[in-house]
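Colleague: I would like to go through this model with you before I plan anything around it. Could we take it piece by piece?

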Amino acid sequence: MSDNATVSRRTLLLVGGTTAILGAGAGIAVDGFVRSSGPELWQREDRSGAPRVGGLHLQYGADASSEVVVSWHTATRVGNPRVMFGTPNDGFGETVAADTVTYRDGQSDTEIRVHHARLTGLLPDTDYIYAAVHDGASPEMGTARTAPRGRAPFRFTSFGDQSTPTLDAMVADAFGSDNRGSPAAGDITTAVENARPLFNLVNGDLCYANLSGDRIRTWSDWFENNSRSARHRPWMPAAGNHENELGNGPIGYAAYQTYFALPDSGADVELRGMWYAFTAGAVRVISLNNDDVCYQDGGNSYVHGYSGGAQKRWLESELEHSSADTGIDWIVVCMHQTAVSTADRTNGADLGIRESWLPLFDQYGVDLVVCGHEHHYERSHPIRGAQPTDTLTPIPVDGHGDSIDTSRGTVHLVIGGGGTSIPSNRMFFPEPRCRVLTGVGALDPALGKRTPRYVTEAAPWSKFRDRDHAYGFVMFDVDPGSPGGETSIEATYFAVDGPFGQTTPVDRFILRKKRTA
């Protein structure tokens, strides 16, 4: 019996009939047929006793035009995990075996198995359908679209600090949930899916499992909430301080490193997935883990300097190659903690980022930085260089308009209103000021953290702050322009409010620069 025989005849008839009607180039219609941005029914285990395909999600490979990874997880061993896939015209014509990786949670001693099927040799800018399955389970279907190869228009989105949705903290406690989320953690998933990006960047602090009494359940809740989008478009993450979990691996990120199969950076095994890069069209996206350079003690364990400089060496090499590549017009960095913030009584900006990353961003012309950590939205002027102060205050350049030439400086966005129950949009200084975390002192036994040291300074780089809305995301539309001319990215920050993903545009601006070719 072939692998495809485990997919029900009804499922194949539905998909086959739909694709026959839709014909070629039917990505939007196929996606609409398979996807649902609303709540989904709870699914029981199959009668065979096999666990269901849970937390289905996608990631891109280093070349997003040709490689997609399909992933799901189970709490027990399963047989023959695999993905069947093909184009809408041809149906499930190919089967790829999934590799299974595991980690054992240090809190519960539960072993989790994550199955990653790597689909390679795909055609650029092409729609695919797929079904993920293992023996005894019903298949879970999704769609995937590869990125264009070379200069082409496309859309991506970004936010951070999501957590998992809950209606009310008291109700959550009554049902045994201790998550850090709000209803917006579910609303924002609907809003992102309604925007239909090619991919979504998640700027760290995904689910806050390290604060949970049940880490396994919290990770599962996060994937279940987001699979309605992430099974159709890659949600590409950066690790934040709340991905650092005591007892999970040598640096505390074993859960994160296992749930995601991210592009290979050549790092040692214990550092796999902590930083990576991929190319979509003429955009190079670089994801960093800032806990390596930050001074703040923000995770379950203090891991400042954990890579021994390996991440910084990789970043410099990556930026050098990307900035010299005539096929790359834009360099976008996705990370968690921030170098800029005008909120009071929050985490603040971290001097470690200003010391380690910003000089490299300046040297190699990074265009855009998206981050989280502060639970609000704000935008900087383009910045280049630093004042000769102990806090290395960034210097704003290029005037004060909303059409920004990024060849003169890097724009930083704080997009930390992904759904956490502790927003900081009402905590801004009246006039732009910045609390810079410059180091840490001795361990505070009451908090179990090293005591932070702060310096408050002026924030001449501050351009826009959203005081009125707690939650939202940014949508980026890439326009490749014409040879010899300019390319641009139109960015819109949308506030999110309501269970159907209702959005309100709050901040709009355009990044522009001369094409490299």
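What follows is a set of questions and answers on the helices, the strands and the salt bridges.

Modeller: Please keep in mind that this is a predicted model, in which local features need pLDDT of at least 70 and side-chain atom pairs count only at pLDDT 80 or more, while totals for chains, interfaces and linings use all residues. Residues are numbered from 1 along each chain as its sequence is written, and side-chain values use heavy atoms, with hydrogens and water left out.

Colleague: Is T189 buried or exposed?

Modeller: T189 is placed in helix α4, residues 184-195, where helices are DSSP runs of H or I with at least four residues and strands are runs of E with at least two, numbered from the N terminus. Leaving aside residues up to four places away in sequence, T189 touches Q162, N225, N226, R228, S229 and W235, a contact being heavy atoms within 4.5 Å. Buried means under 20% relative accessible area, exposed over 50% and partly exposed in between, with a 1.4 Å probe and protein chains only. Because its relative accessibility is 0%, T189 counts as buried.

Colleague: What span should the 15 residues of helix α7 have, and how far apart are its end C-alpha atoms?

Modeller: The expected span of a helix is 1.5 Å times one less than its number of residues. For the 15 residues of α7 (residues 310-324) this gives 21 Å, and the agreement is there because its end C-alpha atoms are also 21 Å apart.

Colleague: Which residues of α7 are exposed on the other side from the buried ones?

Modeller: The buried residues in α7 are Q311, W314, L315, E318, L319 and S322. They cover an arc of only 130° around the axis, so they lie on the same side of α7; the arc is that of the directions from the helix axis to the C-beta atoms. Their cover includes β12 (276-280), β13 (283-287), β14 (330-334) and α9 (358-364). On the other side of α7, the exposed residues are R313, H321 and A324.

Colleague: Which strands are at the edges of the open four-stranded sheet?

Modeller: The order in this open sheet is β1-β2-β6-β5, with antiparallel pairing, and two strands count as paired if DSSP finds at least two bridges between them. An edge strand pairs on one side only, and here the edge strands are β1 (54-60) and β5 (99-104).

Colleague: Which residue in β6 stands opposite V69?

Modeller: Strand β2 (residues 68-74) pairs with strand β6 (residues 111-119) over seven bridges in the antiparallel sense. Within β6, the residue opposite V69 is R118.

Colleague: Which helix packs on that sheet?

Modeller: The helix in question touches β1, β2, β5 and β6, and its direction makes about 65° with that of β1. Axes here are lines fitted to C-alpha atoms, for helices over the stretch in contact, and angles run from 0 to 180 degrees between N-to-C directions. The helix is α5, residues 215-230.

Colleague: How many residues apart in sequence are D477 and R155, whose side chains meet in a salt bridge?

Modeller: A salt bridge is a side-chain nitrogen of Lys or Arg within 4 Å of a carboxyl oxygen of Asp or Glu, and D477 and R155 meet at 2.7 Å, N to O. With relative accessible areas of 23% for D477 and 27% for R155, each counts as partly exposed. Since D477 lies in strand β25 (residues 472-479) and R155 in strand β9 (residues 154-159), the pair ties together parts whose separation in sequence is 322 residues.

Colleague: In the salt bridge of D135 with R82, which residue counts as buried?

Modeller: The closest N and O atoms of D135 and R82 are 3.2 Å apart, and the pair links distant parts of the chain, with D135 in the loop between β7 (127-133) and β8 (140-145) and R82 in strand β3 (residues 82-86), 53 residues apart. D135 is partly exposed, because its relative accessible area is 38%. The residue that counts as buried, at 1% relative accessibility, is R82.

Colleague: Which residue in β21 is the bridge partner of L368?

Modeller: L368 and V370 point one way from strand β16 (residues 368-371), V369 and C371 point the other way, and all are buried. β16 pairs with strand β21 (residues 411-415) in the parallel sense over four bridges. In β21, the bridge partner of L368 is V411.
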